[in-house]
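Open the structure in your viewer and keep the sequence panel beside it. The stops below tell you what to select next and what to look for there.

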Amino acid sequence: ALYAFFSLYLDALGYSKPVIGGLWAISVVVEIFWFAFSGRLLERATLHHWLLAAALLAALRFAMTAAFGASLGLLLLAQCAHAVTFAAQHTACIALITRYFPGQLRGRGQALYSVLGYGLSGVLGSLGGAWLVARHGFPAVFWAAALCALAMVQGVSRMFFLRTSGRIGQRVLLELRRRLFRHFQSLDVAFHDRYTYGRVVSRSTNDIEAIQEMLETGLDSLVT
């Protein structure tokens with residue numbers, strides 16, 4: 001939406017070519033600023049947090065562009081978000097590709113990212129945006145982009161929640177198993193004479209597995 005329709009949108013609103021070029025220049029300047037200090041800035045949060053921040057700011061940026069296109073000051077502010085909505089997002093994506101596509105697979109990961117993240121999505125966005133412009137005007141394109149960014153927020157948030165809850169759940173289960181094992185070891189022989197081996201195994205496996213299922217799926221079902 002931004003690269004295909006932003007200049008056309010501003011031209012339709014009556015902005016001059018120098019102003020349109022200046023708005024693009026601002027986004028390039030903040031992008032360069034991010035890349036100059038990305039090493040320090042990226043350490044302030046996890047890669048998934050940066051993706052979430054990029055999606056949130058993208059939704060805000062596109063909504064501001066659609067709703068306040070006639071306000072040059074708000075457009076300037078929206079363009080400053082380019083440092084996060086593109087530069088930070090791109091940096092985080094490349095870092096994740098490096099993490100999940102190690103060694104010789106890195107080139108394939110970057111190619112897949114380019115095709116899906118820019119090629120295919122760019123073509124579909126341009127075609128869909130042209131359809132929206134023809135029927136509802138330029139603001140509709142940026143409203144649609146804002147909705148897509150919000151959908152990305154929901155997806156990244158859900159992924160982060162599942163990863164975090166899964167990690168916490170595994171730690172809880174590990175501690176439960178350790179305590180249960182220590183407890184069985186501390187019991188006297190008379191206890192083991194009264195309780196059969198099957199009941200002890202049931203307590204140490206089936207009950208723990210029930211708690212594991214609750215931690216893995218119950219919290220997700222409760223939240224969603």
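Begin by selecting Gln-185, which is found in helix H7; helices here are DSSP runs of H or I with at least four residues, while strands are E runs of at least two, and both are numbered from the N terminus. The model is a predicted one, in which local features need pLDDT of at least 70 and side-chain atom pairs count only at pLDDT 80 or more, whereas totals for chains, interfaces and linings use all residues. Residues are numbered from 1 along each chain as its sequence is written, and side-chain values use heavy atoms, with hydrogens and water left out.

Is Gln-185 buried or exposed? Gln-185 counts as exposed, at 56% relative accessibility, given that buried means under 20% relative accessible area, exposed means over 50%, and partly exposed lies in between, with a 1.4 Å probe and protein chains only.

**Second stop: the salt bridges**

The structure holds two salt bridges, a salt bridge being a side-chain nitrogen of Lys or Arg within 4 Å of a carboxyl oxygen of Asp or Glu. Select Glu-175, which is partly exposed at 30% relative accessibility, together with Arg-179, and you will find a salt bridge whose closest N and O atoms are 3.0 Å apart. Because Glu-175 and Arg-179 are four residues apart in helix H7, about one helical turn separates them. Arg-179 itself is exposed, with a relative accessible area of 53%.

Next select Arg-182, which also forms a salt bridge with Glu-175, the closest N and O atoms being 3.8 Å apart. Arg-182 counts as partly exposed, at 47% relative accessibility. Through salt bridges that share partners, Glu-175, Arg-179 and Arg-182 are joined into one network.

Which residues form the positive surface patch? Select Arg-99, Arg-163, Arg-167 and Arg-171, which form it together. Patches are made of residues with over 30% relative accessible area and no salt bridge, like charges being joined within 9 Å and nonpolar side chains (Val, Leu, Ile, Met, Phe, Trp, Tyr) within 5 Å. Lys and Arg count as positive and Asp and Glu as negative, while His and the chain ends are not counted; the place of a charge is taken as NZ of Lys, CZ of Arg, CG of Asp or CD of Glu. Helix H7 (residues 138-186) gives the most to this patch, with three residues, whereas Arg-99 is found in helix H5 (residues 82-100) and is partly exposed, with a relative accessible area of 47%.

For the nonpolar patch, select Leu-112, Val-115, Leu-116, Leu-120 and Leu-124, which together have about 470 Å² of accessible area, computed by the Shrake-Rupley method with a 1.4 Å probe, where for residues only the protein chains shown count as cover. Leu-116 lies in helix H6 (residues 106-136) and is partly exposed, with a relative accessible area of 48%.

**Last stop: the nonpolar core**

Finally, select Phe-6, Leu-10, Phe-62 and Phe-142, which have the most contacts inside the largest nonpolar core, a set of 23 residues. Such a core consists of buried Ala, Val, Leu, Ile, Met, Phe, Trp, Tyr and Cys residues joined through side-chain atoms within 4.5 Å. Helix H1 (2-12), helix H2 (17-42), helix H3 (47-67) and H7 each supply at least two residues of this core, and H7 gives the most, with seven residues.
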